[in-house]
Amino acid sequence: MMEVLAALEGSGFGTWLRESGSIWAYPAVLTLHTMGMGVLVGASAVIDLRLIGFAPQIPLAPLGRLFPIMWTGFWVNAITGVALFVADATTKGTTTVFMAKLAIIVVAVIVLFDIKRRVYGANATAVVTPGARALAAASLALWFLAIATGRYMAYV
Amino acid sequence: MVPTLDGFAFWLRATPISEAIRVLPWLWPLGEILHFVGLCLLVGVVGFFDLRLLGLFRQVPISAAWSLVPWGKAGFGLAALTGVTFFVGAPDQYVNNVAFYFKVVFLIIAGANAVFFEWAYAAKVTRNDIATVAPRTLKTIAVVSIVSWFFVIYWGRMLPFVGNAF
């Protein structure tokens, strides 16, 4: 496992991203990762806040169009996240906080799918069920933890 | 000779509050976490309202979209509070950092744009009376908002790379 991580980190791409000093390498990828976070978490928060009960005048149906926006943010961050991992594979691949971040994001995305199914699926009801409300609160908490662990990685 | 804020930074850094910010080991990481949480709220909620001004989400009444904006303002407040904390804690890493000045310039543009919208159109928006405002004006405001917040984030992200901040 350690050999794989070391090979990734020592690869041409990993080395370039980490050491080239180009503004288009690490800084640009990290910036995209930040933008993707803002779009994914921000759009998710809009739906979550509405489901929890804020801004009840907003009709639920049109908010379903936020999902493609969220998936865009998600894929930008999945791709830039893999790149950032490769650049520091031996450190990130061996720290608990990174594993925790990944696990939290997996659960957050599952919750997102469940919200989509319950609120916008074939059997969706026009009223927000207590279950959907609880999922929305869980979604906000999970995104908070994802940001917290992600930010904390800079200090370990 | 370009005037610098070195003297101010030196003075600020020596104040007890600045020292306290640096001494508490958990404060900086916690501040960074809350700075990013604020960023997400601002981007999501204000971005959603901007898209509504641009003509997306037309089935959402403009007053309804506006009723979520206090959450975006709260996100901005959180980011501003933690941002000021960073500056007070380590002013020396910002005052000679060109990325910091670019960030402030775009913050001023984004802020002036938001204040202008609030002053000129908030009342109309709450009454759903926005149809009387030229769509081009609203779209311009929305584009200025999206572009200027984009560059606030961009230059914030560049702080450690172009300058030397952490």
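**View 1. The helices of chain A in the predicted model.** Helices, meaning DSSP runs of H or I with at least four residues, and strands, meaning runs of E with at least two, are numbered from the N terminus. By that definition chain A of this predicted model has eight helices and zero strands, so that, read along the sequence, its pattern is α-α-α-α-α-α-α-α. Taken along the principal axes, the C-alpha atoms of chain A fill a box of roughly 55 × 30 × 25 Å. Of the 156 residues in the chain, 37% count as buried, and among its contacts with a separation of 6 or more, 79% are made by residues 24 or more positions apart.

**View 2. Helix 3 of chain A, from residue 26 to residue 52**. At 1.5 Å a residue, the 27 residues of this helix should span 39 Å, and the distance of 38 Å between its end C-alpha atoms agrees with that expectation. Because 19 of its 27 residues are buried, helix 3 of chain A is largely enclosed by the rest of the structure. The residue that follows the helix is A:Gly53, which has a positive phi, near 130 degrees.

**View 3. The contact between chain A and chain B.** Chain A gives 29 residues to this contact, and chain B gives 28. On the side of chain B that touches chain A, the elements giving two or more residues are helix 3 (27-53), helix 4 (62-66) and helix 8 (135-162) of chain B. Helix 3 of chain B supplies the largest share of that side, with 13 residues. Sorted by class, the side of chain B that touches chain A holds 21 nonpolar residues, along with five polar and two charged ones.

**View 4. The largest nonpolar core and a separate one.** In soluble globular proteins, nonpolar side chains tend to be buried together. The largest nonpolar core in this model has 73 residues, and those with the most contacts inside it come from both chains, namely A:Val46, A:Ala108 and A:Ile115 together with B:Cys40, B:Leu42, B:Val45 and B:Ala65. Helix 3 of chain B gives the most to this core, with 13 residues. Leaving aside residues up to four places away in sequence, B:Cys40 touches A:Met37, A:Gly38, A:Val41, A:Gly42 and A:Ala45 of chain A, and also B:Gly75 of chain B. Another core, of six residues, lies apart from the largest one, and A:Leu17, A:Tyr26, A:Leu84 and A:Val86 are among its members.

Conventions:
Residues numbered from 1 in each chain as written. Chains lettered and ligands numbered in written order. Predicted model: local features only at pLDDT ≥ 70, side-chain atom pairs only at ≥ 80, totals over all residues. Expected span 1.5 Å × (residues − 1). Buried ≥ 20, exposed ≤ 12 C-beta atoms within 10 Å, placed from the backbone. Contact = placed C-beta atoms within 7 Å. Nonpolar A, V, L, I, M, F, W, Y, C, P; charged D, E, K, R; others polar. Core = buried A, V, L, I, M, F, W, Y, C linked by C-beta atoms within 7 Å.
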